[in-house]
Amino acid sequence: MIATDFNLLGRWIAARVRFTLRSPRALGFTFAFPLVLVTLFGSINSGQNVATPSGGDVPFSQYYTPAIGVFAITLACYTSLIIGIATARETGLLKRVRGTPLPLPVYLGAWLTGAALTGIASVLLLFVVAVPALGVDIYVSKLPEAILTLILGAACLGSLGLALGTLAKTAEQAQPLAQLTFLPISFISGVWFPITDAPSWLTHLADFFPLSHLVNAFSACFVPGGNVEAKDLLSLVIWGAVGMFIAVRRLRAATLS
Amino acid sequence: MITTAPQTTTASAIQVSGVRRAYGAVQALDGVDLTVRQGELLALLGPNGAGKTTLVEILEGHRIADAGEVRVLGHDPARRERAFLERIGIVLQETGLDPNITVREAVALYSAAYPRPRDVDEVLELVGLDQRAGARAATLSGGQRRRLDLALGIAGDPELLFLDEPTTGFDPGARRQAWELIGRLREGGTTILLTTHYMEEAQVLADRVVVLGRGRVIADADPDALSAGGAESIVSYRLDGRHVRFATRTPTADLAPILGSAAARGEELEGLTVTRPSLEDVYLELTEEPR
């Protein structure tokens, strides 16, 4: 019996998640590192308030936990996919897969979904710890928006990760490529501290990239009276589509010459 | 055990004519014609740089020919149709695998996309990895890894199997086992295109040997005919302490009077041998670079 593509996708997603959970490096990076940041800085800055871009003042961890959640999503989807795809290309794993009837969209979809599930699990873990330990509040009415934002953000960063993974010439280039693209943008996008009084050219620059939109949309779900703006989600969708387009084109070309 | 007979849709599994492929100024394939019949095991030989890998990758759908006709199982491989990929199996050299995957998982996962995959346990037993089913790919030895590659190549029960130097890095025992397996697959009706650097491998396994040299087919024959064809036999023996050695195309006729007179005198021809040049000798002669 021919397994349907949906069935195949399910098997490959489960496999990708298993491979990640078996890798101590991936576990440390995706789950432990963001958790350490949130608990460490949340404890140091407890009792302090920060001004958010959406207006109101909130306790430090109320802003910092979702922002580091975005960092966790970035690690799981963006960084790990750049390295994973570049390595798969270099070692010939991709060529092996392309020699089988497994459709490329199913294979890439499994990488993407597996990474997204890991990233979302990591964010959940952050809140499971931060809510009781750091007194972070969750607004039930905002949860659907928060979940939608997380899924779109994971899909967007994952697609861009796939695309950049295909642009890296070697696996060795992948790590610096991931860091050099993420770090500068993360500083102007409010991942590490809220951007409130930045010069307008810097804000415009940050607005061009999807990261600030993801931080804004996700953080807004944890600020009383905050609203997820459609333009933030639109940016995620557009960047995600661009990334997926590049990834599929580059991978088709890379395995047929 | 192989139970499914190959579906015959064309008389030949591979049909290639006038295939050319260049990389920049280098003409890797310079007009290759090749036919592989259904059920045949063809060994593709040739020195490094002769165009073997390019030719095989064109047949697998990993590369596009600049010119020429390519039909594999009735398909144009460059179109990479799923129906085509479902019918072939590929064992490449040094192909990556997810380091954290286990042997059993790999066979189950990679065969899932085929319409009629073989039973996972059966595949593991065939390649002799049943004892290592739970091991992670990263912990396998070189030879075990190669056997896993072989397992993944046959897991989809292909009609046509591409084997690119399948026993490189094997110890002699493992090589014999792999040969047995390849022989069994062929008996089951699988068409096999084998590239190898081991002449013994070609001699033992192949129905037909094709030698590529500088992008062209320079020999195409069955292995015995290739090593017998044109070349002379060497006769060697000792008589009265004298070492006699000569080359001849007619060893029987030449030896008959010598043996007759020796036997009549009750003498023994010490160390009498008649050797034919091995496939390796012929191959080296064929592929020798002109000086």
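## Briefing on chains A and B

In chain B, 68% of the contacts with a separation of 6 or more join residues 24 or more positions apart; two residues are in contact if their C-beta atoms, placed from the backbone, lie within 7 Å. This is a predicted model, where local features need pLDDT of at least 70 and side-chain atom pairs count only at pLDDT 80 or more, while totals for chains, interfaces and linings use all residues. Residues are numbered from 1 along each chain as its sequence is written, and chains are lettered from A and ligands numbered from 1 in the order in which they are written.

**Chain B as a whole**

- The secondary structure of chain B comes to ten helices and twelve strands; helices (H or I, at least four residues) and strands (E, at least two) are DSSP runs, numbered from the N terminus.
- The C-alpha trace of chain B spans about 75 × 45 × 35 Å along its principal axes.
- Of the 291 residues in chain B, 38% are buried. A residue is buried if 20 or more other C-beta atoms lie within 10 Å of its own, exposed if 12 or fewer, and partly exposed in between, with C-beta atoms placed from the backbone.
- Chain B is divided into domain 1 (10-81 + 159-170 + 190-231 + 278-291), domain 2 (88-158) and domain 3 (232-275); the bounds come from an automatic or database domain assignment.
- The centres of domain 2 and domain 3 of chain B, taken over C-alpha atoms, are separated by 53 Å.

**The largest nonpolar core**

- This core has 143 residues, and I82(A), A151(B) and L194(B) touch the most other members. A nonpolar core is a set of buried Ala, Val, Leu, Ile, Met, Phe, Trp, Tyr and Cys residues joined through C-beta atoms within 7 Å.
- Helix α3 (residues 60-91) of chain A provides the largest share of this core, 19 residues.
- Domain 1 and domain 2 of chain B both give residues to the core, so it lies between them.
- Leaving out residues up to four places away in sequence, A151(B) touches V107(B), V123(B), L124(B), V127(B) and L129(B).

**Where chain A meets chain B**

- The contact takes 22 residues from chain A and 24 residues from chain B.
- On the side of chain A that touches chain B, α1 (5-22), α3 and α4 (93-98) each supply at least two residues.
- The most comes from α1(A), which gives six residues to that side.
- By type, the residues on this side of chain A divide into eleven nonpolar, seven polar and four charged. Here Ala, Val, Leu, Ile, Met, Phe, Trp, Tyr, Cys and Pro count as nonpolar, Asp, Glu, Lys and Arg as charged, and the others, Gly among them, as polar.

- Helix α9 (residues 251-264) of chain B has 14 residues, which at 1.5 Å a residue should span 20 Å, and its end C-alpha atoms are 20 Å apart, in agreement. The expected span of a helix is 1.5 Å times one less than its number of residues.
- After α9(B) comes G266(B), whose phi is positive, near 70°.
- Helix α9 (residues 210-220) of chain A is mostly covered, with eleven of its eleven residues buried. Among them are P210(A), H213(A), N216(A) and F218(A).

**A hairpin in chain B**

- Strand β8 (residues 208-213) and strand β9 (residues 216-221) of chain B pair in the antiparallel sense over five bridges; two strands pair if DSSP finds at least two bridges between them.
- V209(B) stands opposite A221(B) in β9(B).
- Two residues lie between the strands of this hairpin, where R214(B) takes a positive phi near 45°.

**Loop residues to look at**

- Most residues other than glycine have a negative phi.
- R80(B), not a glycine, has a positive phi of about 50°. R80(B) sits in the loop between β4 (67-72) and α2 (82-85) of chain B and counts as partly exposed, with 19 C-beta neighbours inside 10 Å.
- D157(B) also has a positive phi, near 50°. D157(B) lies in the loop between α5 and β6 (160-164) of chain B and is buried, with 24 other C-beta atoms within 10 Å.
- L140(B) is in the loop between α4 (120-127) and α5 (142-154) of chain B. With 17 other C-beta atoms within 10 Å, L140(B) is partly exposed.
- Apart from neighbours within four places in sequence, L140(B) is in contact with R132(B), A135(B), R145(B) and L148(B).
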